[in-house]
Amino acid sequence: MNSTLHLRAQTQLATIYEISKILTSSLDVAKTCREALNVLANNMGYRRCMIVADNDDGELHLLAAAGLSPEEYGAGHYQPGEGVIGKVFSSAMPAVVQDLACEPVFLNRTGALDHVEGERIALVGMPIRIAQEVVGVITIDRFTERHPGSFNEDVRLLTMVASLVGQALALQRTVLAERTQLLNETRRLRHELKGRFKLDNVIGVSKRMQEVFAEVHQAGPSRSTVLLRGESGTGKEVIARALHTLSPRKDGPFIKVNCAALSESLLESELFGHEKGSFTGAVGERKGRFEMADKGTLFLDEIGDISPAFQAKLLRVLQEREFERVGGTRSIKVDVRLVCATNRNLEKMVAAGEFRSDLYYRINVVSLFLPPLRERREDIPPLIAYFIERFNKENARDLRVTPEALKVLTNCYWPGNVRELENCIERTATMSRGDMISEVHFPCHTNRCLTQSLHHADKDDAVAAVSRPGPVEISLPIPEIPHRPPAPERQFGETMPEGERERLIWAMEHSGWVQAKAARLLNITPRQMGYALQKFDIEVRRF
């Protein structure tokens, strides 16, 4: 007798262990509960096992079962308080029915009493809880005479199984709640980003570039002439192509010409074409870029470098929308949208008589200003990621950039803008022997970053008008004042600190606040020193 009880206790313990492993093996609760009930029925000799759980509609539906046919499974739904299962759910108390045939509230909805040939069927039901909330019911039924053991053992076993099932249901609810929250957050972010603009082949997450993208989307569908302003390397050509793609002419040709690369005679032939024999070497008739761009877009890069004589010819074409080939007399009409670009200060050139004012007003219909890379540093990390990904794909490499290297690249001056950044990444990636690009691979990780920044400060005087039209202000060095009293206590020690502004203050402190001496200490010119002090809003102490 004792050996039988011991064997049965071991079977129950092994059953609980198997069920716990099954319920934690997957987040598909219906599947794991079904497998757990099969183990429970096979190990303990139960005739049937069922788990019902409450749904959003307020009814109790079968979640899993063992020993039921598909038709019986489909009939397993109850109202709270209905039948034995409904009463267990409503009362949150276990129930033991020793003879289902004699139980008046038993519904026999799933056919538990069918085909039993007069044998007594017993049922044990146990509520399933999550914390203090009843979320379902687990039941077993068995032949009373055939099954060994007391009902107290069944109740104790079902109490442990119900606890495990409750934990599995709680985990599923938590995961579903987190997933719902994540989906709602994704929808919210998509709604917020719905107003953000994006251009193909252009990377820009900064506020400045988003403003540019918005202007491109606004100007793209129109026929207006667009003037792109910005330093070299800021991406004027890709913006011009984006304007073409967003226009009704996107199926037409996109023709580009670099006006600075050609002389006046070659530029005229390149744009307008020439007739056979019009000049030496003209062995045949040739179409110009204006003809080639008919029904499309013509991009004139570096338009500020064309000669005054050619400016007059170009003005006539823009006004009349017709021209003659070099050496020809026949007028040719074209339908071309013009996009121009320059890195020069056209307003200053117009004031100096170097650029025709009527041509300036003709091309300056819609002006788009592309900010330099140093004014949108938040775009540098995604640009680096794009260049590295492209390099890895083209060269079958798996290079990555360390956070320290990313910080160095973000803080660099980049006078050549995106083009310089792209070349720097490609050069460094090509010469890198390992799989990681660190800060030591870049020369600007030392004090040379400040020197480079101040060395190119003079260029800001010229390009500032490109980004912000208006007069250029040039800061002059502050003259030395003789008979200075002793300088106040220094902020920095003997070691040059990091950061451009801190280095400027350090140099001024160690030179008695004399700009010329501080400039020599940093190996820059006094004029660059004066510009830097003005740029970082450093007040020169006079004492």
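The legends below accompany several close-up views of this predicted model.

Local features are described where pLDDT is at least 70 and side-chain atom pairs where pLDDT is 80 or more, while totals for chains, interfaces and linings use all residues. Residues are numbered from 1 along each chain as its sequence is written, and side-chain values use heavy atoms, with hydrogens and water left out.

**View 1. The whole protein, as a starting point.** Welcome to a protein with 20 helices and 17 strands; helices (H or I, at least four residues) and strands (E, at least two) are DSSP runs, numbered from the N terminus. Of its 543 residues, 44% count as buried, where buried means under 20% relative accessible area, exposed over 50% and partly exposed in between (1.4 Å probe, protein chains only). Contact here means heavy atoms within 4.5 Å. Among contacts between residues at least 6 apart in sequence, 67% join residues at least 24 apart.

**View 2. The largest nonpolar core, with Leu 40 picked out.** A nonpolar core is a set of buried Ala, Val, Leu, Ile, Met, Phe, Trp, Tyr and Cys residues joined through side-chain atoms within 4.5 Å. The largest one has 34 residues, and Leu 40 and Ile 138 have the most contacts inside it. At least two residues of this core come from each of α1 (2-23), α2 (29-44), β1 (48-54), β2 (60-66), β5 (121-130), β6 (133-143) and α5 (151-193). The largest share, 9 residues, is supplied by α5. Leaving aside neighbours within four places in sequence, look around Leu 40 for its contacts with Thr 15, Ile 19, Gly 45, Tyr 46, Cys 49, Ile 140, Leu 157, Leu 158 and Val 161. Another core, of 30 residues, lies apart from this one and includes Leu 227, Val 257, Leu 315 and Ile 363. As background, nonpolar side chains tend to be buried together in soluble globular proteins.

**View 3. Helices α8 and α10 side by side.** Two packed helices are described by the angle between their axes and the distance between the axes. Axes are lines fitted to C-alpha atoms, for helices over the stretch in contact, and angles run from 0 to 180 degrees between N-to-C directions. The axes of α8 (residues 264-272) and α10 (residues 308-320) come within 10 Å and cross at roughly 15 degrees. This makes α8 roughly parallel to α10; angles under 35 degrees count as roughly parallel, over 145 as roughly antiparallel, 65 to 115 as roughly perpendicular and the rest as oblique. From α8, Glu 264, Leu 267, Glu 268, Leu 271 and Phe 272 make the contact, and they meet Ala 309, Phe 310, Lys 313 and Val 317 of α10. By class, this contact has 6 nonpolar, no polar and 3 charged residues. Ala, Val, Leu, Ile, Met, Phe, Trp, Tyr, Cys and Pro count as nonpolar, Asp, Glu, Lys and Arg as charged, and the others, Gly among them, as polar.

**View 4. The oblique pair α13 and α14.** Helix α13 (residues 380-395) and helix α14 (residues 403-411) pack at about 120 degrees, and their axes are 10 Å apart. The two helices are therefore oblique to each other. Ile 380, Pro 381 and Ile 384 of α13 make the contact with Leu 406, Leu 409 and Thr 410 of α14. Sorted by class, the contact of α13 with α14 has 5 nonpolar, 1 polar and no charged residues.

View 5. Phe 369 has its place in strand β15 (residues 366-369) and counts as partly exposed, at 28% relative accessibility. Arg 376 lies in the loop between β15 and α13 and is buried, with a relative accessible area of 2%. Beyond its neighbours within four places in sequence, Arg 376 is in contact with Ile 203, Ser 206, Met 209, Thr 234, Pro 371 and Val 418.

**View 6. Residues with a positive phi.** Most residues other than glycine have a negative phi. Asn 108, in the loop between β4 (95-97) and β5, has a positive phi of about 55 degrees and is partly exposed at 23% relative accessibility. Asn 417, in helix α15 (residues 417-431), has a positive phi of about 60 degrees and is buried, with a relative accessible area of 0%. Just after α20, Asp 537 takes a positive phi of about 55 degrees.
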